Amino acid sequence: METVNELVGAAIGDLRTQRGSGMSDYSVPEYPACVFYYGERSAEFHPDVLRGVRDGWGGSVESIPFLEIDDPDQLKEGASGEPFHDLRGGGHLGAADLQKQVMAMMSQSGMFANMNQCSLYCVVDSTGITPEDFHRWYLAIEDIKRLFTGVSVNTMLMVLLNNDLGTANAPKIVTELRALYDAEDVGSVGHHLYDGVFVYGNKTKRGYTGLFSGFDEAVHSERDVLSDVMLLSNSHNGYLDLSTSGKMFYSSDRPAFTAAFKYVDRPRRDIVVVALKIMLAKLGEMMSDPTFTKPSREAMGAALGIQNGRSSIVEQSRQEFAEVASKFAGFERNLPNLQQGGNIVSMPYGMALQATGGCLQAFLEQNQYRLLSEYLGSAGSGNIDARIEQQVRSSLNAAQLASLNDQQLESRTLEAFSDVVLSEDTIMQRPVPDAVQQLITRAIAGQVRDHTVQSLKRMRAAAEDTLRTFTAIQHDVAFAASIKQDGAHMNVEGFYTKCVESFFSDVNVRANLFAELLRVGNTKADMLRILREHALQPLFVSEFGGKHVFEMGFMDEAVERLADGKSAEAADLVVGKELTENVGDRMGYSAMMLREPDRAMEAYMLHIDDTPGSASHKLYSYLDNFVRLPGVSRVYYNAGQRDSATSIWFYPLDEDQLSAE
């Protein structure tokens with residue numbers, strides 16, 4: 001993750017209501033199915049389709065082929081090659097390979113409710129293609145059906161119309177579609193080669209939609225209309241009447257049908273944004289608290305690895321050097337200029353220097369001290385720097401380090417090291433072996449001290465960069481997408497502010513996150529990851545008021561939040577109104593017509609709890625009691641996915657409506 005928007009998107013996925021892996025939460029496909037994408041651009045909708053049907057059908061999706069076709073001419077009988085790109089397994093498939101996959105799917109009777117036929121969905125994104133290209137793609141179904149000889153199939157063409165400025169070709173495509181419907185040399189006059197034709201574009205009465213904006217794992221959008229139509233046309237679901245929906249979707253003598261799409265989702269994006277704003281505000285308050293930003297002398301000593309007069313870094317370096325110099329162990333027994341039988345092992349070091357007439361000093365300089373100089377001047381110094389930085393980074397946060405100027409860094413370091421080595425007079429009174437070790441320790445300590453000062457100065461510059469990065473993230477979060485505060489999203493900020501503040505009331509939680517987030521050298525990506533893994537994810541599994549608020553289903557969450565905000569209306573009424581008001585204004589085709597089509601079917605996709613009186617069952621009751629227009633059928637899809645509710649109204653198009661510009 002490199003941006004706050006990416007963090008928000010990832011956290012939305014973390015916030016998604018969890019459900020069991022068992023099939024009880026899913027529908028079963030009524031029939032086996034295959035999805036064909038006509039061209040590379042059409043295949044860009046595959047992630048959306050796969051997510052949608054997987055949410056609906058669960059493990060049954062693993063048996064369904066999803067195939068991209070790059071060139072319809074490669075499907076012709078007698079053509080060689082591998083025209084199908086397998087979007088699930090990878091690689092390309094020839095006709096025989098596809099037939100093997102289809103036969104394997106048709107053998108999975110436990111995955112499908114009915115094995116009498118196969119549903120074929122053919123998706124075509126019309127962006128940038130000419131009417132002639134569309135004509136070729138339209139005819140591809142004849143070659144596809146030839147590969148299914150012996151298997152009864154239901155076929156649907158799903159045409160996505162692009163009305164964007166500069167690339168808009170929708171009028172030409174629908175004109176060609178009507179011409180194909182009326183053509184004498186393509187099937188029969190007044191009939192399509194497909195059992196059903198669905199057209200849907202990105203222009204509505206309310207403006208342009210995000211149909212061609214690209215896949216977003218965290219967002220429910222108009223791009224989901226493809227998978228929703230597949231689910232509504234081919235699901236074995238206790239609340240779905242396939243005989244009713246089938247009449248809408250499959251009628252080859254109908255020029256086409258279109259839809260209006262509207263959804264109400266759990267306000268996951270707003271929840272994440274509120275959580276980040278509150279968390280960063282609390283962390284920002286800590287920036288002015290000396291407890292978290294001004295290191296005490298004890299904290300400084302601990303950061304340098306010094307405790308009770310001993311430096312962990314000096315000790316590590318001394319032990320490493322002791323191995324290098326071990327070959328000189330016992331050297332003092334063999335020094336010259338001693339009386340016969342004399343030994344300086346227990347002699348004070350100052351006295352031994354005099355007794356050896358300079359030999360002891362010369363020996364040390366040529367051996368131990370020379371090796372020590374080499375050790376400290378090469379690999380040893382590099383190891384010292386790395387150890388210092390690791391020790392400081394694990395103990396001081398960026399705010400603490402940045403609060404000290406050069407003089408303070410030097411004085412604090414000298415003070416911390418003052419007790420690490422013995423004085424000159426004391427060393428002179430120690431026995432020779434101990435004195436030599438103390439001299440070596442003093443030399444190492446001096447080197448470590450000097451390196452510490454330089455390392456701290458470098459790290460302070462890095463700490464200042466870390467603080468600037470933190471400030472930039474605060475700024476990005478402050479200017480994140482505005483939080484909706486009306487309708488089904490009412491009281492998001494008020495309710496979740498309480499939840500987050502309750503979680504953050506523990507000073508240890510705040511302190512640990514502050515230290516982890518402001519670790520010296522953290523990049524923006526590091527901080528975003530920490531905010532997700534150490535702040536948001538623990539928040540999402542926490543309790544508020546004895547309830548796991550962040551794991552609640554769509555309607556349960558709405559009930560809790562709206563009641564907290566003292567909404568004048570119950571959640572089922574608020575959500576129900578949003579699902580049924582101004583749906584027709586979102587028709588993905590109406591902006592192209594002079595005469596509006598009549599609504600023929602309403603479909604509502606939501607989690608329905610069979611328990612009367614439950615929040616989701618109340619919403620179902622509200623929708624079921626919504627005024628019914630004569631001639632308009634109504635179907636429901638009981639979705640195991642509980643983070644949203646969707647209304648899709650369907651409209652058949654006659655020939656005039658199909659060709660209007």
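Among contacts between residues at least 6 apart in sequence, what share join residues at least 24 apart? I looked this up in the protein chain and found 80%. A note to myself: this is a predicted model.

**Overall form**

I counted 27 helices and 17 strands in the protein chain. The radius of gyration is 37 Å, well over the 26 Å that the globule rule gives for 661 residues, so the chain is more spread out than a compact globule. Along the principal axes, I found that the C-alpha atoms fill a box of roughly 125 × 65 × 50 Å. I also checked burial: 50% of the 661 residues count as buried. The accessible surface comes to about 28,300 Å², and carbon and sulfur atoms account for 47% of that.

**Charges**

Next I looked at the 60 positive and 89 negative charges, whose mean positions lie 6 Å apart. My salt bridge count came to 32.

**Three pairs I visited**

I began with Asp 133 and Arg 136, whose side chains meet in a salt bridge at 3.5 Å, N to O. Both sit in helix α5 (residues 131-147), and because they are 3 residues apart there, about one helical turn separates them. Asp 71 and Asp 73 join these two in a network of salt bridges.

Then I turned to Asp 385 and Arg 458, where the closest N and O atoms of the salt bridge are 4.0 Å apart. This pair links distant parts of the chain, from helix α16 (residues 379-395) to helix α20 (residues 432-478), 73 residues apart.

Definitions and conventions: Residues numbered from 1 in each chain as written. Predicted model: local features only at pLDDT ≥ 70, side-chain atom pairs only at ≥ 80, totals over all residues. Heavy atoms only, no water. Helix = DSSP H or I, 4+ residues; strand = E, 2+ residues; numbered from the N terminus. Rg over C-alpha atoms; globule rule 2.2 N^0.38 Å. Buried < 20%, exposed > 50% of the residue type's maximum accessible area, 1.4 Å probe, protein only. Contact = heavy atoms within 4.5 Å. Areas by Shrake-Rupley, 256 points an atom, 1.4 Å probe, with all protein chains shown as cover. Lys, Arg positive; Asp, Glu negative; His and termini not counted. Charge placed at Lys NZ, Arg CZ, Asp CG, Glu CD.
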